[in-house]
Amino acid sequence: MNALDYPFLSCHSLVTHPNVLLVRDALGRPKQCWYGDANRVTLSPQTQRRAHRMHMRDQANLGIGPLASRTWGLRTREWALSTAESLHHTHRWDHQEALDTARAALSGLGLNFGATANTAYLTKVMVFAPENAGETLAKVIHAHQDELAEWTTKATAAKAAAAEAKAKKKSKGRAKADAGDDEEAPEAEGKDDKAPPMPKKVRNQLIAALAPADAIDIALYGRFLTEIATGGNVDGAIQTTTAFSLEPANIVEDYFSAADDRKIARQRQGADFSSALALLNEVDPVPAEQDLPLGDNRGAGMTGYQPFVSGTFYAHSVLDRALLRRNLRNAGTPDDEIEDFARAAEQAFLDAFVNAVPSAKKNTSAAPGTLPKLVLVHEGKRAYNYAACFEEAIQPAAGAPSIQGAKRLLQHHAMITRKQQLDPGTVLTYDLAVSELLDDLRLSGQLGPVEVHTAEELATPLTAGQPA
């Protein structure tokens, strides 16, 4: 079956997390939203997408999975630094000259940089480009060193002239204001306040260095780069919703205390009593200005409260297979490689959808070790979001939210499958209770999706409920 006959791959999952804080708002609180009849805790789309993207990339870098050895993107503000490193180490440029030239070249494309000492070589926005873009930019800059040097000199002079004209205008305005004349000071004449355009050939090559090329995660997740007019925006093939808890928000303020190692050591050694005796028997007291305070051995080193949430979350993503293939074609992938590349990307994405978990607070919650209770994947001529079936929150009295949620999700899918005449797709579980539920539904003839046992099988195209 041609994947483009059913271009949308809808993915749904139920994942239970106990006592985690996978994403926070600006105040450090769990993110929340009111949905249906209850307030829910949420996981933002960007949190999920980064977890999925990094999982795929990490697996590929380890030589695991269908995308091993493929090219990936890098989203960072440090392209000037990366370019300068390549100019310095590979092309033997002076380090400061490399930094300044890289910054000037990227500024000439329209990228803005920070104004402080710490951000002078960091772009104001992160740019998503192939991971080797710094090396490619350096090659272009090195090859056109003389042209860029001449252009940089003119651009710097124009900028200085503009600053001088602005300062004079401001000074004249203040003088007229002091004299009681409210007339606006005229514009300074004879000053070119615009930098000359970068040589077209150089500009085009620099833009090409930042082009998406064959970076698979740019094809999947897209990029939005408004600073460069012809910078190559990409509509991502993956759509992601905010994940939300099936039950009302369950937030616990967890009190914590942290031990101070030195304080604990003094307590164990009885340092309080011995220090007091030493001070009592001291013949020549230490002058006050040299006196060192005794440590306080009482209580913990520090205490505080940290919010945590528990719940079963409904997560949903859609892979637009047609758009993925179009993005690969536009990036220059040979026609005879597009289909294999796209299917490998689909399989890798589904593996990430099943296995990737945001890593915030991972050392105190071990959340990345969590596997989903249920994953449902099906094809269609349009995308299908099943969030509506959880508009009524699952109350604790009804039973375990994950089990109640699995029943509701499968029933909702059966109705949509019947009314929209969909292929029922595949279903995967890592939970014994949900597995028993699937067995019962299968025996009663109510289980539409084909149960699979690995994430790889979720990627198998289905026709008439059977593997193609």
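# Briefing on the predicted model

The protein has 15 helices and 14 strands, where helices (H or I, at least four residues) and strands (E, at least two) are DSSP runs numbered from the N terminus. This is a predicted model, in which local features need pLDDT of at least 70, side-chain atom pairs count only at pLDDT 80 or more, and totals for chains, interfaces and linings use all residues. Residues are numbered from 1 along each chain as its sequence is written, and side-chain values use heavy atoms, with hydrogens and water left out.

**Overall picture**

- Of the 468 residues in the protein, 43% are buried; buried means under 20% relative accessible area, exposed over 50%, and partly exposed in between (1.4 Å probe, protein chains only).
- Among contacts (heavy atoms within 4.5 Å) between residues at least 6 apart in sequence, 77% join residues at least 24 apart.

- Two packed helices are described by the angle between their axes and the distance between the axes.
- Axes are lines fitted to C-alpha atoms, for helices over the stretch in contact, and angles run from 0 to 180 degrees between N-to-C directions.
- Helix H2 (residues 79-89) packs against helix H4 (residues 133-143) at an angle of about 60°, the axes being 8 Å apart.
- H2 and H4 are therefore oblique to each other; angles under 35 degrees count as roughly parallel, over 145 as roughly antiparallel, 65 to 115 as roughly perpendicular and the rest as oblique.
- The crossing of H2 and H4 is right-handed, a crossing being left-handed if the near helix is turned anticlockwise from the far one by less than a right angle, and right-handed if clockwise.
- On the H2 side, this contact is made by Trp79, Ser82, Thr83, Ser86 and Leu87, and on the H4 side by Ala133, Gly134, Glu135, Leu137, Ala138, Ile141 and His142.
- Sorted by class, the contact of H2 with H4 has six nonpolar, five polar and one charged residues; Ala, Val, Leu, Ile, Met, Phe, Trp, Tyr, Cys and Pro count as nonpolar, Asp, Glu, Lys and Arg as charged, and the others, Gly among them, as polar.
- H2 also packs with helix H3 (residues 95-109), at an angle of about 135° and with the axes 8 Å apart, which makes H2 oblique to H3.
- H2 passes H3 in a right-handed crossing.
- In H2, Trp79, Ala80, Leu81, Thr83, Ala84, Leu87 and His88 meet His95, Ala98, Leu99, Ala102, Arg103 and Leu106 of H3.
- The contact of H2 with H3 has nine nonpolar, three polar and one charged residues.

**The two sides of helix H6**

- Helix H6 (residues 200-209) has the buried residues Val202, Leu206, Ile207 and Ala209.
- Seen down the axis of H6, these buried residues fall within an arc of 155°, so they line one face of the helix; the arc is that of the directions from the helix axis to the C-beta atoms.
- Exposed residues Lys200 and Lys201 are carried on the face of H6 turned away from its buried side.

**Individual buried residues**

- Phenylalanine 390 is in the loop between S10 and helix H13 (401-420) and is buried, at 0% relative accessibility.
- Leaving out residues up to four places away in sequence, phenylalanine 390 touches residues including Leu14, Tyr35, Phe244 and Leu246.
- Phenylalanine 390 and leucine 246 are 144 residues apart in sequence but 6.3 Å apart in space, C-alpha to C-alpha.
- Asparagine 327, in helix H10 (residues 321-330), is buried with a relative accessible area of 10%.
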